[in-house]
Protein chains: 2
Amino acid sequence: MKYVYYFGGGTAEGRGDMKELLGGKGANLADMSSIGIPVPPGFTISTEVCGYYYSHGNTKPAELAQQIEENITKLENELGKKFGDKENPLLVSVRSGAAVSMPGMMDTVLNLGINDDAVQGLIKRTGNERMAWDSYRRFINMFGDVCMGVHHDHFEEAMTKIKAKYKRKLDTELTAAELKELVAAYKQVYKKSVGSDFPTDARVQLEHSINAVINSWNADRAIAYRQINKVQELKGTAVNVQAMVFGNMGDTSGTGVAFTRNPSNGTNEFYGEYLINAQGEDVVAGIRTPLPISTLKKDMPVIYDQLNEIRLKLERHYKDMQDIEFTIQEGTLFMLQTRNGKRTGLAAVQVAVDFVKEGLIDEKTAIKRIDGNHLNQLLFPIFDLKAKAAAVAAKKTLAKGLPAGPGAASGHVVFSAEDAVKWAKKGKKVILTRRETSPEDVSGMWAAEAILTSTGGMTSHAAVVARGWGKCCVVGCSALDIDYKKKLMKVGNKTVKEGDYVSIEGVTGEIISGEIKTAESPVISGVVHGNKAALKHPICQMFIEVMKWSDKFRQVGVRTNADTPNDAVIARALGAQGIGLCRTEHMFFAGDRIWAKREMILAETLAEREKALKKLLPLQRKDFEGIFKAMDGFPVTIRLLDPPLHEFLPHDAKGQAEMAKRLKTTAAKVKAKVDSLHEMNPMLGHRGCRLSITYPEICTMQTTAIIEAACNMAAKGVKVYPEIMIPLIGTKEEFDILDVLIRKTAEEILKKKGQKIEYKVGTMIEIPRAALIADKVAQTAEFFSFGTNDLTQMTFGYSRDDIATFLPDYLNKKILKDDPFATIDKEGVGQLVKMGVERGRSTKADLKCGVCGEHGGDQESVKFFAKAGLNYVSCSPFRVPIARLAGAQAAIS
Amino acid sequence: MKYVYYFGGGTAEGRGDMKELLGGKGANLADMSSIGIPVPPGFTISTEVCGYYYSHGNTKPAELAQQIEENITKLENELGKKFGDKENPLLVSVRSGAAVSMPGMMDTVLNLGINDDAVQGLIKRTGNERMAWDSYRRFINMFGDVCMGVHHDHFEEAMTKIKAKYKRKLDTELTAAELKELVAAYKQVYKKSVGSDFPTDARVQLEHSINAVINSWNADRAIAYRQINKVQELKGTAVNVQAMVFGNMGDTSGTGVAFTRNPSNGTNEFYGEYLINAQGEDVVAGIRTPLPISTLKKDMPVIYDQLNEIRLKLERHYKDMQDIEFTIQEGTLFMLQTRNGKRTGLAAVQVAVDFVKEGLIDEKTAIKRIDGNHLNQLLFPIFDLKAKAAAVAAKKTLAKGLPAGPGAASGHVVFSAEDAVKWAKKGKKVILTRRETSPEDVSGMWAAEAILTSTGGMTSHAAVVARGWGKCCVVGCSALDIDYKKKLMKVGNKTVKEGDYVSIEGVTGEIISGEIKTAESPVISGVVHGNKAALKHPICQMFIEVMKWSDKFRQVGVRTNADTPNDAVIARALGAQGIGLCRTEHMFFAGDRIWAKREMILAETLAEREKALKKLLPLQRKDFEGIFKAMDGFPVTIRLLDPPLHEFLPHDAKGQAEMAKRLKTTAAKVKAKVDSLHEMNPMLGHRGCRLSITYPEICTMQTTAIIEAACNMAAKGVKVYPEIMIPLIGTKEEFDILDVLIRKTAEEILKKKGQKIEYKVGTMIEIPRAALIADKVAQTAEFFSFGTNDLTQMTFGYSRDDIATFLPDYLNKKILKDDPFATIDKEGVGQLVKMGVERGRSTKADLKCGVCGEHGGDQESVKFFAKAGLNYVSCSPFRVPIARLAGAQAAIS
């Protein structure tokens, strides 16, 4: 079994398509090496070792040690260096690298191989004594921290002591001799904490480091990251052992990270930052604020040109925006990593669109590459322009940082992740403000509206994580002087305390005190509200372009769930091709209607009930008229009353007393009715079509309202296509009884009015049994709409209201991959959907099938539904663009 | 299309196997006519006419009138009589007759064809003027009542007047002239009520009568009867038009009904009753108490012998006990009807067993013929012998009636069906006591423990209905003088008032005042409790015989649901081959255990929880030891904790205060825990395996208790086969996580004890998703047990606790054929069961599959499960015999 793959010298054992096996970093190092990009040689220990480790009681395969040894020899031979050599020592880095990038989540060890002999060899070889001792002390610190769990603070104390002793302000001011003294001090720190001497044997160091990287795969923070980012089903991490190159060898050395395009907005510009005389972690850790890559053009024009050429070569090779790491060692450029760059939604869409224009990819590839959440970010709010201008005019601008995450946000400042979680739980919007963030802060970052840091660059932890989530973020705002203890920050002469309002803008990086109204995105202004200026906005243009492409490929229809004419208008603007779900019950809550509804529920005779229903009829009819008008020319699916009647009644004494007074009865009678309607499991109770079976008069009233509204609007020239939908069908008989009633009611009205309306009567498929007998239901039903919310509840036996008690455990323990109410469970619920479609169409070949659960707006789910052959999905208005995109993706893949 | 079928003259157009088309009565009349039994000729209008009528807006097929006319002509020619003829008039009866008998539920018209001319012809022909006018007045009354809705009371008034006028006490005392006057008076009554003259045209009379019979099919009482008796999917009723024969032509005439064997206990004796000089409805209506058939042997020995011969011929022909109707017209015997006789469970089993012994049928046929409910009646209580003897000694015997329904019962006397329903709703056991019962009383009869009447015979309405239900019933107890108004009855010099206790015995017909303890049936005493005398009791012998035959044919295994050693012992005695479901949660409620359980729930840390669990461990272990011992040699399936934790906590303030005190905490904390565990839909909540996923320590404790108990009992020589069952699995991952935990726990114990125990780990299939992914679950699960209760809840989306709000409507409207929680829904839930079995076995060919829902004890359901290939069904101990029988029936059919 081959576990180790060598790369270097313009060739490699691995390939770029071996991400699963070698991890993203390993595969790309092999790839870069193969296409002639300067990469320090090394080897990758495959992800299978990590997988083996966790399935074999934390042991590694027997043959691994031998393979590593062979590759070390190869590496030593290629470079003419030797581990621990007094003349020309080999130093290596040990880095993690899974198939999916998990930035900052796993461990790295640099400068491995250094010891008392090797440091002398390093000095001889480089003539740079200071750098050698600096590398040594860094290695002890890093190895102690990462591999042995020595707290960084202990090393910091020793450093502080030395700095005080020699009156140095900065680390970089320490001399070689002082660093040598620090190395001795660090060894003491190590011995004291670990209980044994610092290991000088490079092979022992390597063994520990490989273990540390593998162990970090299952560290809490890494697990949490994978959960939040839905990274699953990976074998584990690969381990990359690579010859060290040094960015800390003086002023002709340096290290940097860059994106081949601007990751905030997608602009085609070389976008990155670097530090002179530094090692890679200095940039990522955000301790020193690095220089923008444009400065490199002036400082090292040859290196810059070489780097820029590599940038273009990588984009051509990978056909995607890259996130690269490089090191310059005494004037020589080395590429340490390339991977597809994380980006904001805006940038993701922009890059995809530009790549098409540049001929690098075709429209289909662009569509495949755009994530629904990215597209969604184009709909994110920005600051209201007037409100922001006023705040700026009032000199409320506090500072400006780097624009790292999309959108704009206002909120209360908090200074710790814990506080962010606490405030957010109380329903407050918070801006998490930190000097820098670390993986420990992830839950607080998740809870916050936006993230603000005083240090770090565009590739700092805060920036990378926020961008991934599409969260508003500004980083590296060095003007902020944060005092964690006092829970305040000073900006110039201003002080911002915990709880104060601050507004930050992810696109510009501006930080402004006070609350600023946010305004809708240009897409909403332009596409939805028809603002002509907004329509010309590049974001809006881009959105329209992507939607045009999507509709070109898409086969599945996209409708919307809308209960009001207003929702219907928005959804149509965003591309909805009809209403897939109009919930009639919401109409009963508005204004005074609830009283007629309650009167109906309280009624004890059919006559009383009919009297109350008569009051509701004109109100419902008016609602439907508005909706038909808004959906002129498109079908409108209206679901008959669904929730149990007790949902319409007041459950507290005060409300019951009010109801009694208003409906001229006694509170005792109201309470008795509430009690009589109480259900142990309302989700499985007297609701849906079961109500219309018991009270056919409700069905009659609703049908009357729908058909009369359709007639009225048709008379005014509106093209109406009402589809009456019966909820919660479990047997063919239920459908048939109500189908007969609806058709009888409708035909009488049409006959009386002398009008012809094309209407359909169909059913929700949301009870498992309905899917099982779909062939029979389809004998009479004219369409199916899968209610995947209820179908998920009953297929799993999960109450949506109660699942929170065990869902976290279920996600933690990987029993569930996703919340099944967010993303369709393909294996189980999806099976019933497919069965329903197949059986339904076995009876009626052209049966129209749609989906109207929340899943209709979830990208993964839409792809599944499209492949399952549904005619359309229906989702909330603002999810319509994602559904259109996902529909295209399903058609392409 | 042929709608009318002629019979008569030793031949017939119909056949005995045409019950669907001709109804039971029509098919049997044709059959009897064909085998040479004297039957008055006539014709049957098929059930298709009734079906057509209800599906075509209450109209009959166009070609029907012509076909009826042809058959009337045929009938007139055969008999040489003519409708409305002055010389020799044809009179006919018009009777209903569906494929399934619905005694007393539908309408009959007799003497049809009589008018002012025909009455003269009748007089000429018979020379019996009195009989002619009596027939005429009867016809006007019946036609008016049945076809035109004239209230019987109006005719009664006229009758009373005439009787007063001529000072007659009895109807039979009226002379021909007086009856002629009564006919004129009845015509006036008719005209006054209906608004038109009484129709004299026989064809008009026939038209109305046929319509009346067809309409009576959908009368409320008929619909109610079909619901209670689960008679469904019939096209409708046939209409039998048959030449009249007259039992009311004097003392050489008469009419009777009889059973070919005793319908109470199955004894092979001619069992029936007759009235001299009467028409059929006089017997059935229970107005005059008829003579036993043995009297006929003395009164009319020739007729008796002829009748007895027919009795034996019919039994040989139909190979079942028959219920016959006959009329003697002036010394000539006519058979009017034969059908399979209704009987008590005791009689049903006895007849089946005797028919096998007599060589009329084989064992398989006998098994097929025994209804589970019949068998169940053998388990019915009888009076405690000592208690009854004491009551008799204390002269508490009130009277003796005819023994019409099985068992024995004590309860409060009520005198109306409404009162029976009202008292029963309050939880009182009542004895419904009436002069006679009518179809209007059905709901009260259903609500009562037993039924007692002062008139009527073994074939009266009360007797037939009660016997069908297996309800205790005594009829024709003429010693009772019932006063409905005062709500009391006098028996000799004793008075029994509403609410007084009365005890009645269905086997002897005895009525005793006061409450008498009931005692168990000989089967329970003998088979279950090993009482040797009881074992020799004929009922017990019969039971053992039927069970022996059942086990001979049965292939599906029968286990029991038992939570205690006691239940296990009973079930084994009744034939259970192991435990299919042992619910561990019931064990937590007993005695002080609930406190340890509550301590566990209240625990906030793992350590606290484990401490509480440690207290529960020895208690559970002891329970399991007892169960293993009782099931020595048989498998015991133990389900891990299933209900949500809040079920174990007190929900009232008092209970919470007590719990706080006992567990040394505050009531507020207890309340907070209760609140935190509250669920909107507990049925879909945090329960089943979800508990063990969150609290693995519960699973560990229960596994420990099971395996340690198994070890302890095995050490004592008991053969133990524990099967650990995980409830509420919806994903393979849930099963796998707990499977690993259970096996690890078990193996550690076995290793420590150095014992070997064959144990299995399997799962319930009760979530629809589990059935859908059964192929995957079977990769690790060693057995499946279908929990059809929950599976029904989730497949239909019905909460078992809430279904009562709409189930009656659903049964009324035929949306559901049966309560799906009583009889498995084959179409939907059954589909999932089949799917689960097939998919499970596609992975593991020999996967053991069982059922442990309530359906495991339902005859229909067991047949389905056996055919679906399940290895066993499991049911409550007293349902085990039914399951054994049903298993045999499934194997035979």
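In strand β32 of chain B, Ser785(B) is the bridge partner of Met764(B); strands here are DSSP runs (E, at least two residues) and helices are DSSP runs (H or I, at least four residues), both numbered from the N terminus. This is a predicted model, in which local features need pLDDT of at least 70 and side-chain atom pairs count only at pLDDT 80 or more, while totals for chains, interfaces and linings use all residues. Residues are numbered from 1 along each chain as its sequence is written, chains are lettered from A and ligands numbered from 1 in the order in which they are written, and side-chain values use heavy atoms, with hydrogens and water left out.

Three bridges join β31 (residues 760-765) to β32 (residues 783-786) in chain B, and these two strands run parallel; two strands pair if DSSP finds at least two bridges between them. Helix α30 (residues 732-753) of chain B packs on the sheet, where it touches β30 (721-726) and β31 of chain B, and its direction makes about 150 degrees with that of β31(B). Such angles run from 0 to 180 degrees between N-to-C directions, with axes fitted to C-alpha atoms, for helices over the stretch in contact, and contact means heavy atoms within 4.5 Å. Helix α37 (residues 880-892) of chain B also packs on the sheet, touching β27 (557-561) and β34 (872-875) of chain B, at about 160 degrees to the direction of β27(B).

Eight strands of chain B close into a barrel, in the order β27-β28-β29-β30-β31-β32-β33-β34, with parallel pairing.

## Helix α3 of chain B

The 16 residues of helix α3 (residues 64-79) of chain B should span 22 Å at 1.5 Å a residue, and the end C-alpha atoms are 23 Å apart, which agrees; the expected span is 1.5 Å times one less than the number of residues. Among the buried residues of α3(B) are Leu64(B), Ile68(B), Ile72(B) and Leu75(B), where buried means under 20% relative accessible area (1.4 Å probe, protein chains only). After α3(B) comes Gly80(B), whose phi is positive, near 65 degrees.

## Phe43 of chain A

Phe43(A) lies in strand β3 (residues 42-45) of chain A, and at 0% relative accessibility Phe43(A) counts as buried. Leaving aside residues up to four places away in sequence, Phe43(A) touches residues including Tyr5(A), Phe7(A), Ile68(A), Ile72(A), Leu75(A) and Val241(A).

Definitions and conventions:
Buried < 20%, exposed > 50% of the residue type's maximum accessible area, 1.4 Å probe, protein only.
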